[in-house]
Amino acid sequence: MYQSLVRRGAIAVLCLLAAGTALADAKDDAVKAKCPAVEAWTEKMAKAQPALSSAGIERDNNAGGFSDPDLRDELLKRAAADQSARNAWIASPQDKARFDAMDKVDKDNLAWMKARFSKDGFPHANAVGLAGVNAAFILVQHAVADVPFMQSMLPQVTARGEAGELKKSDVAMLVDRVLRHEGKPQRYGTQYAGTNMKDLSDMKMDPVEDPAHLDERRASMDLMPHADYECALRIFYAPDPSPAPASSTAR
């Protein structure tokens with residue numbers, strides 16, 4: 001039973017490196033050495049999307065004035081719990097207890113989101129800031145236990161991307177996530193599944209539509225070329241001999 005759950009979990013949680021996402025410190029040097037185009041692409045995106053870069057989000061944080069600071073705080077707290085649980089599992093994917101802990105966080109976040117978002121909708125940046133919108137996205141993309149809920153959030157997430165409150169690459173990830181859980185090929189090549197639970201770098205891309213034009217579609221959503229993405233993610237999800245630091249970003 002656990003193996004099937006882990007297999008489902010691999011598909012569900014390996015959302016991988018998004019546009020502008022900081023590489024985990026422990027993997028940074030290896031990615032720079034083996035995948036040099038990734039760093040150049042990340043810097044290019046930061047210049048092209050200054051408001052959504054790390055510096056831009058920090059400026060937004062400092063500006064303050066959010067209309068719903070309590071919701072913002074709750075989103076940031078829940079996203080932090082999500083990332084902590086995922087980092088722990090990624091560091092030791094064969095550990096059932098870590099998987100169970102991650103699954104528990106996901107279920108708690110899903111119940112909370114369904115009560116809050118179904119009533120008030122996916123939050124806007126004026127209410128929770130850019131960091132709050134990003135936190136809400138992280139929670140929604142991990143709501144794989146309720147595909148209809150993810151489907152219902154996709155139009156709102158897309159709207160936040162069109163409004164410049166969320167990266168287009170994040171929107172692409174949720175599109176792919178929903179398509180895969182509908183049993184359809186993904187569109188942008190963001191979804192991978194692990195084949196060896198002792199080493200998540202042993203993974204393969206889920207089926208994708210029109211592979212010959214994949215990089216063209218990725219570019220339209222501010223995603224790096226697929227070969228560079230795969231190079232980085234295999235390093236990012238390689239076994240880590242030490243516990244994953246709290247600052248790592250397991251999207």
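Before the details, the model is predicted: local features need pLDDT of at least 70, side-chain atom pairs count only at pLDDT 80 or more, and totals for chains, interfaces and linings use all residues. Residues are numbered from 1 along each chain as its sequence is written, and side-chain values use heavy atoms, with hydrogens and water left out.

The overall picture, then. The protein chain has 11 helices and 2 strands; helices are DSSP runs of H or I with at least four residues, strands are E runs of at least two, and both are numbered from the N terminus. In sequence order the pattern reads α-α-α-α-α-α-α-α-α-β-β-α-α. Of its 251 residues, 51% count as buried, where buried is under 20% relative accessible area, exposed is over 50%, and partly exposed is in between, with a 1.4 Å probe and protein chains only.

Next, the core. A nonpolar core here is a set of buried Ala, Val, Leu, Ile, Met, Phe, Trp, Tyr and Cys residues joined through side-chain atoms within 4.5 Å. The largest one has 59 residues, and Met-113, Phe-117 and Val-140 are among those with the most contacts inside it. H7 gives the most to this core, with 11 residues. Leaving out residues up to four places away in sequence, Val-140 touches Met-113, Phe-117, Phe-122, Phe-149, Met-150, Met-153 and Leu-174; contact means heavy atoms within 4.5 Å.

Helix H6 (residues 96–120) packs on helix H7 (residues 125–141) at about 115°, with axes 10 Å apart. The axes are lines fitted to C-alpha atoms, for helices over the stretch in contact, and the angle runs from 0 to 180 degrees between N-to-C directions. From H6, Asn-109, Trp-112, Met-113 and Phe-117 meet Ala-136, Leu-139 and Val-140 of H7.

Last, the aspartates. Where is Asp-206? Asp-206 is in the loop between strand E2 (203–205) and helix H10 (214–220). Asp-206 counts as buried because its relative accessibility is 8%. Its side chain makes a polar contact of 3.4 Å with that of Arg-180. A polar contact is a pair of N or O atoms within 3.5 Å; within protein, one must be able to donate a hydrogen and the other to accept it, and residues adjacent in sequence count only if both atoms are side-chain atoms.

Asp-222 lies in the loop between H10 and H11 and is buried, at 17% relative accessible area. The side chains of Asp-222 and Gln-49 are joined by a polar contact of 2.7 Å.
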